[in-house]
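Welcome! Take a moment to look over the sequence and the model, and then we can walk through some of its parts together.

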Amino acid sequence: MNLTQIKIGGFGGQGVIMTGIILGKAASIYDKMNATMTRSYGPEARGGACSAQVVLDTEPIAYPYVVKPDILIVMSQEACDRYSKDLPDGAVLLYESDLVKPKTNGKSFQLYGIPTTRIAEDLGNRVVQNIVMLGYLAKISQAISKKAIEEAIKNSVPKKTIELNVNAFEEGFNYEVK
């Protein structure tokens with residue numbers, strides 16, 4: 001059994017839900033694992049709070065919701081404040097370092113920040129900030145293979161944006177871990 005629970009939080013327009021879809025597709029189609037993905041939106045569409053939960057396992061998944069995240073990805077301060085309190089000791093917290101200032105509240109989890117928005121803007125389109133984060137996730141965690149995530153990206157984004165998205169993924173993957 002290799003259960004991995006991933007929670008992604010941010011606000012509408014940051015690609016939070018698409019990130020969950022890509023992770024689920026990468027795991028289930030390209031890495032041949034079992035995966036579930038659930039999502040939640042605030043009452044607003046763009047700009048409101050949203051989250052995605054991805055559960056991965058080599059065995060059948062009995063419960064589709066994240067109970068204790070092994071990995072938390074946050075793209076907004078609100079998401080960090082709301083979800084980091086649920087992180088168990090030893091979990092991984094990936095965060096958008098220009099927008100989020102995490103607090104450990106006495107817990108010992110692994111912190112990895114990356115300025116995804118700035119990197120995406122340097123690539124010419126801030127819409128790909130979630131793809132930058134996926135690249136960074138592929139570098140930090142072995143839960144899903146880099147190749148699987150890259151293939152899922154190519155098969156999830158509009159054809160005319162594949163090159164931009166692959167470049168964003170590589171930028172995140174090549175970002176120096178601090």
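This is a predicted model: local features need pLDDT of at least 70, side-chain atom pairs count only at pLDDT 80 or more; totals for chains, interfaces and linings use all residues.

Residues are numbered from 1 along each chain as its sequence is written, and side-chain values use heavy atoms, leaving out hydrogens and water.

Let's start with strand 3 (49-57); strands (E, at least two residues) and helices (H or I, at least four) are DSSP runs numbered from the N terminus. Strand 1 runs antiparallel to strand 3, joined to it by eight bridges, and Gln5 stands opposite Val55. Strand 2 also pairs with strand 3 in the antiparallel sense, over eight bridges (pairing needs at least two DSSP bridges), with Tyr41 opposite Cys50.

Now turn to helix 1, whose 15 residues are 16-30. Its buried residues, including Val16, Ile17 and Leu23, pack against strand 1 (4-11), strand 2 (34-41), strand 3, helix 4 (129-140) and helix 5 (146-154), where contact means heavy atoms within 4.5 Å. Just after helix 1, Lys32 takes a positive phi of about 55°. Helix 5 has buried residues of its own, among them Ile149 and Ile153, and these pack against helix 1, helix 4 and helix 6 (162-174).

Finally, visit Val67, in the loop between strand 3 and strand 4 (71-74). Val67 counts as exposed (over 50%) because its relative accessibility is 56%.

Note on methods:
Buried means under 20% relative accessible area, exposed over 50%, partly exposed in between (1.4 Å probe, protein chains only). The expected span of a helix is 1.5 Å times one less than its number of residues.
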